Amino acid sequence: MRLYDVLSKPCSADFVQVDGFINRTISTGSQQKIEIGKVGLNFYCEQCGDTRTFWSNDKIYCVGVSSRQISIDCVLQCGCGTSVAVWFLVESYADEIAGLAPEVRILKRREKMSEQVRLVKGQYAGYAELLNKAEQAYRDELGAGSIVYLRKIFEQVTAQVAQASGIACHDSKGNPRPFRHLLQDVDSQCAIIPKEYSANGYTLFGELSDVVHGDYDEQAGIQKYEALRRLVVGVLDNVVNNKEILSAIGLLGWNQDRSNENDQA
């Protein structure tokens, strides 16, 4: 396996053995060209309107950080020419990064997004941007921040479906209804919660809220993020796949970007 194989996959805490790619330890701050193959990562390209593999060119350079770590900057391009800058922090097991077959892992990866490139597909209309922000916060190790965006999505899509379906979001005095009651009414009428956990829809909101309100630390938020994201995306998928609901929501302005609404939790 070569280093490009590791760089082209999601970050992992596991060390993986790769072919040697530098012949000597690089001093801190020094730069060296490395032969590792082309790095390829998937992003949603707005110009192509689809998820595409963005590739680096053959010229990749690294900068020495320590005897165990190097920093790699590269630019990946879609076939249409749209590009995204990506940074990796690569760490070796023990002091062997310059070895013949070092064991390495990607300690951190950061992407510099543009309006033309997204981390997730744009199929969720106005919620794609919130999903992107959640994913970026997670990759920046902001556990609570990533969960804030997931909760916001869950709240907003529930309210949107309620409005589209004629379900009251406020009580007779004009106050917002408790979310538990609103969610129950929406789900009983429109089945937005996937059937696999339909009995625990409010439990999902409780998990999201616990992280936001400080009942968990940042690390707990990071550990729970992927599972919670899958559940929230499951709700969005149910809404997207219900053409009647989606049509009604579209008429209400769901296709408008809602990412800047209620930025405060």
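Predicted model: local features only at pLDDT ≥ 70, side-chain atom pairs only at ≥ 80, totals over all residues.
Aromatic rings of Phe, Tyr and Trp form a pair if their centres lie within 6.5 Å.

Colour the chain by confidence. The average pLDDT of the chain is 84, and 87% of the residues score at least 70. Among the elements of the chain, strand 6 (residues 69-77) has the highest mean pLDDT, 94, whereas helix 7 (residues 243-251) has the lowest, 66. Select residues 254-265 next: there the pLDDT is below 50, and this stretch has 31 contacts in the model beyond near neighbours in sequence.

Proceed to helix 3, which covers residues 143-164. This helix comprises 22 residues and spans 32 Å from its first C-alpha to its last, close to the 32 Å expected at 1.5 Å a residue. Just after helix 3, select Gly 166, whose phi is positive, at about 75°.

Return to helix 3 and display the side chain of Phe 154. In the whole structure, a search finds six aromatic pairs. In one of them, the rings of Phe 154 and Phe 205 have centres 6.3 Å apart and planes at 55°, so the pair counts as tilted. Phe 205 belongs to helix 5 (residues 201-212) and lies 51 residues from Phe 154, so that the pair links distant parts of the chain.

Phe 154, Phe 179 and Phe 205 are linked into a cluster by ring pairs.

Terms used: Residues numbered from 1 in each chain as written. Heavy atoms only, no water. Helix = DSSP H or I, 4+ residues; strand = E, 2+ residues; numbered from the N terminus. Expected span 1.5 Å × (residues − 1). Phe/Tyr/Trp six-rings, centres within 6.5 Å; stacked < 30°, edge-to-face > 60°. pLDDT = per-residue confidence, 0-100. Contact = heavy atoms within 4.5 Å.
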